[in-house]
Amino acid sequence: MNPESENSLLLSGQPALFKELLLELPRWCSQLGYRLVQIDSQRKTLAQIKQLRPRIIAAEFIYHPTYGSQLSNFESLIAANQKNPQPAGFLVIIHKDDVHHFERLELDGVRYEMLILPATIATLRTALQTLAATYSVG
């Protein structure tokens, strides 16, 4: 395992509704002892989950029932994460209208915090602190 990557936070994409909070994310990651790694596509995110073994994965929940047997982009993220010896926690960036879709996912054993949009810096900080308390490498 790459020791430099143990305390990484992997951010998948740049959620449009999250742009203003995105400016605060590097500072909060640094304060909590995490290295922020931003990835711009789902395919690259899946590869980085395997390679980096991040402690936290932050991604926007995208409901899209035409994904075949999947409801969203999260099923693939969860499956890739569960293959790691120490699965990461998720920061689910989600619009309030999509929460009921997220709750339909099978989340047995998946630890997550929701950042319901529109969100504030305070809610971002609280979610990150909660995940960091559980998923830091000391």
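Predicted model: local features only at pLDDT ≥ 70, side-chain atom pairs only at ≥ 80, totals over all residues.
Here is a quick tour of this structure, from its overall build down to a few single residues.

Residues are numbered from 1 along each chain as its sequence is written, and side-chain values use heavy atoms, with hydrogens and water left out. The protein chain has six helices and seven strands; these are DSSP runs numbered from the N terminus, with helices being H or I of at least four residues and strands E of at least two.

**The chain as a whole**

- Going along the sequence, the elements of the protein chain come in the pattern β-α-α-β-α-β-β-β-α-β-α-β-α.
- The protein chain has 138 residues, and 45% of them count as buried. Buried means under 20% relative accessible area, exposed means over 50%, and partly exposed is in between (1.4 Å probe, protein chains only).
- Take the contacts (heavy atoms within 4.5 Å) between residues at least 6 apart in sequence: 68% of them join residues at least 24 apart.

- Helix 4 spans residues 74-82, and its buried residues are Phe-74, Leu-77, Ile-78, Ala-80 and Asn-81. They sit on the same side of helix 4, because they cover an arc of only 165° around the axis. The arc is that of the directions from the helix axis to the C-beta atoms.
- Those buried residues pack against helix 3 (42-52), strand 3 (56-60), strand 5 (70-72), strand 6 (89-95) and helix 5 (99-102).
- The largest nonpolar core has 22 residues, and Phe-61, Phe-74, Phe-90, Val-92, Phe-102 and Leu-105 have the most contacts inside it. A nonpolar core is a set of buried Ala, Val, Leu, Ile, Met, Phe, Trp, Tyr and Cys residues joined through side-chain atoms within 4.5 Å.
- Helix 4 gives the most to this core, with four residues.
- Apart from this core lies another one, of 21 residues, including Leu-9, Ile-93, Ala-119 and Leu-128.

**Aromatic rings**

- There are five aromatic pairs. Rings of Phe, Tyr and Trp (its six-membered ring) pair if their centres lie within 6.5 Å; planes under 30 degrees apart count as stacked, over 60 as edge-to-face and the rest as tilted.
- Phe-61 and Phe-74 make a tilted pair, because their ring centres are 6.0 Å apart and their planes are at 45°. Phe-61 lies in the loop between strand 3 and strand 4 and Phe-74 in helix 4, so the pair ties together parts 13 residues apart in sequence.
- Phe-74 and Phe-90 are also a tilted pair, because their ring centres are 5.5 Å apart and their planes at 55°. This pair links distant parts of the chain, with Phe-74 in helix 4 and Phe-90 in strand 6, 16 residues apart.
- Ring pairs join Phe-61, Phe-74, Phe-90, Phe-102 and Tyr-112 into a cluster.

**Helix 6**

- Helix 6 has 15 residues and reaches 20 Å from its first C-alpha to its last, close to the 21 Å expected at 1.5 Å a residue. That expected span is 1.5 Å times one less than the number of residues.
- Leu-124, Ala-127, Leu-128, Leu-131, Ala-132 and Tyr-135 are the buried residues of helix 6. They fall within an arc of 130° seen down the axis, so they line one face of the helix.
- They pack against strand 1 (8-12), helix 1 (19-22), helix 2 (25-31), strand 3, strand 6 and strand 7.

**Single residues to look up**

- Thr-45 is in helix 3 and counts as buried because its relative accessibility is 0%.
- Tyr-63 lies in strand 4 (residues 63-67) and counts as partly exposed, because its relative accessibility is 25%.
- Most residues other than glycine have a negative phi, and most peptide bonds are trans. Arg-53, in the loop between helix 3 and strand 3, has a positive phi near 55°.
- The peptide bond from Leu-117 to Pro-118 is cis, with omega near 0°. Pro-118 is found in the loop between strand 7 (112-117) and helix 6 (121-135).
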